[in-house]
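Open the model in your viewer and keep the sequence panel beside it. The tour below goes from one selection to the next and says what is found at each stop.

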Amino acid sequence: MRKSLRWAAVAVAAITVAAGSAPAPAIAGGPARVTGSAEFRLTFAPDDDVRRFAFDARATPYTHPLPGLPGGLPSDATGTVRVLHRVAASGVTVTFEAAVDCLITAPGYAAMTAVVTRADEPVRDWVGRRVGFSVQDAGPGGRRDRVGFDWSLSADQDENGDWGRARVGTCLAPAPFAPVTRGDLTVRHADLRP
């Protein structure tokens with residue numbers, strides 16, 4: 001059994017290295033955390049728009065009581081996400097801020113959600129809305145980091161079959177699909193505590 005597990009670990013490591021996606025090593029000590037800021041591009045919609053996310057999120061396990069869960073969850077978190085999107089075609093810059101409420105990490109990867117607390121027009125009606133983010137930290141320098149976010153690619157159907165924006169639960173986010181072009185994001189991994 002021990003030999004089988006060792007071979008499985010070697011095979012997974014070999015596949016990861018061969019794919020060129022070896023995760024950044026976990027940073028020892030302290031709670032899980034995501035920090036940094038970065039600009040990124042959308043491969044499916046290349047244009048001159050500037051999109052920038054800034055993260056300062058940290059795990060605060062068991063700090064947000066919920067109905068039926070008075071002690072909270074191991075994924076509870078706090079912090080801020082700041083979003084800037086400059087639409088080159090119209091010269092309009094839209095910003096919003098959101099309060100982090102959930103964070104789950106793996107080595108080199110994080111998924112988090114945050115509730116919008118302040119927003120410019122035309123997204124002022126997003127205040128109170130939960131949004132999901134993902135971060136891939138591919139190592140120092142940020143050259144291969146990636147981000148993901150829910151509102152660009154997610155939709156949902158209601159009971160009538162009508163499509164609309166997807167409802168985002170805590171810590172739900174798509175894979176980090178957008179490559180970073182400038183900046184650096186850091187994920188400090190910590191396992192969820194019992």
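## Stop 1

Select Asp 101 and Arg 130: the two form a salt bridge, with 2.8 Å between the closest N and O atoms. The pair links distant parts of the chain, since Asp 101 sits in strand S4 and Arg 130 in strand S6, 29 residues apart. Asp 101 counts as buried, at 15% relative accessibility, while Arg 130 counts as partly exposed, at 27%. Keep in mind throughout that this is a predicted model.

Side chains of opposite charge can pair when their charged atoms come close. By the rule used here, the count comes to 6 salt bridges. Two others follow.

Go to Arg 33 and Asp 56, whose side chains meet in a salt bridge at 2.8 Å, N to O. Arg 33 is in strand S1 (residues 33-40) and Asp 56 in strand S2, so this pair ties together parts that are 23 residues apart in sequence.

Next, select Arg 82 and Glu 97. Their side chains meet in a salt bridge of 3.5 Å, N to O. Arg 82 belongs to strand S3 and Glu 97 to strand S4 (residues 92-106), so the pair ties together parts that are 15 residues apart in sequence. Arg 82 is partly exposed, with a relative accessible area of 43%; Glu 97 is partly exposed as well, at 25%.

## Stop 2: the whole chain

Now zoom out and colour by secondary structure. The protein comes to 1 helix and 10 strands. From the N terminus on, the order of elements is α-β-β-β-β-β-β-β-β-β-β. Of the 194 residues, 34% count as buried.

## Stop 3: aromatic rings

Show the rings of Phe, Tyr and Trp. How many aromatic pairs does the count come to? By the rule used here, there are 14. One of them joins Phe 53 and Trp 151, a tilted pair with 6.1 Å centre to centre and 55° between the planes. This pair links distant parts of the chain: Phe 53 is in strand S2 (residues 50-59) and Trp 151 in the loop between strand S7 (146-149) and S8, 98 residues apart. Phe 53 counts as buried, at 2% relative accessibility, whereas Trp 151 counts as partly exposed, at 22%.

Trp 126 lies in the loop between strand S5 (109-119) and strand S6 (130-136), and Trp 151 in the loop between S7 and S8, so the pair ties together parts that are 25 residues apart in sequence. Trp 126 is buried, with a relative accessible area of 14%.

## Stop 4: backbone details in the loops

Select Glu 121 and Pro 122. The peptide bond from Glu 121 to Pro 122 is cis, with omega near 10°. Pro 122 is found in the loop between S5 and S6.

Move to Tyr 62, which is not a glycine but has a positive phi of about 60°. Tyr 62 is placed in the loop between S2 and strand S3 (77-87) and counts as partly exposed, at 32% relative accessibility.

Cys 171 also has a positive phi of about 60° without being a glycine. Cys 171 lies in the loop between S9 and strand S10 (178-188). Is Cys 171 buried or exposed? Cys 171 is buried, with a relative accessible area of 11%.

## Stop 5: a negative patch

Finish with Asp 156, Asp 158, Glu 159 and Asp 162, which form a negative surface patch. Asp 156 lies in strand S8 and is partly exposed, with a relative accessible area of 40%. Asp 162 is in the loop between strand S8 (155-157) and strand S9 (163-165) and is partly exposed, at 45%.

Last, draw a C-alpha to C-alpha distance from Asp 156 to Arg 167: the two are 7.4 Å apart in space and 11 residues apart in sequence.

Note on methods: Residues numbered from 1 in each chain as written. Predicted model: local features only at pLDDT ≥ 70, side-chain atom pairs only at ≥ 80, totals over all residues. Heavy atoms only, no water. Patch = residues over 30% accessible without salt bridge, like charges linked within 9 Å, V, L, I, M, F, W, Y side chains within 5 Å. Areas by Shrake-Rupley, 256 points an atom, 1.4 Å probe, with all protein chains shown as cover. Salt bridge = Lys/Arg side-chain N within 4 Å of Asp/Glu carboxyl O. Lys, Arg positive; Asp, Glu negative; His and termini not counted. Charge placed at Lys NZ, Arg CZ, Asp CG, Glu CD. Helix = DSSP H or I, 4+ residues; strand = E, 2+ residues; numbered from the N terminus. Buried < 20%, exposed > 50% of the residue type's maximum accessible area, 1.4 Å probe, protein only. Phe/Tyr/Trp six-rings, centres within 6.5 Å; stacked < 30°, edge-to-face > 60°.
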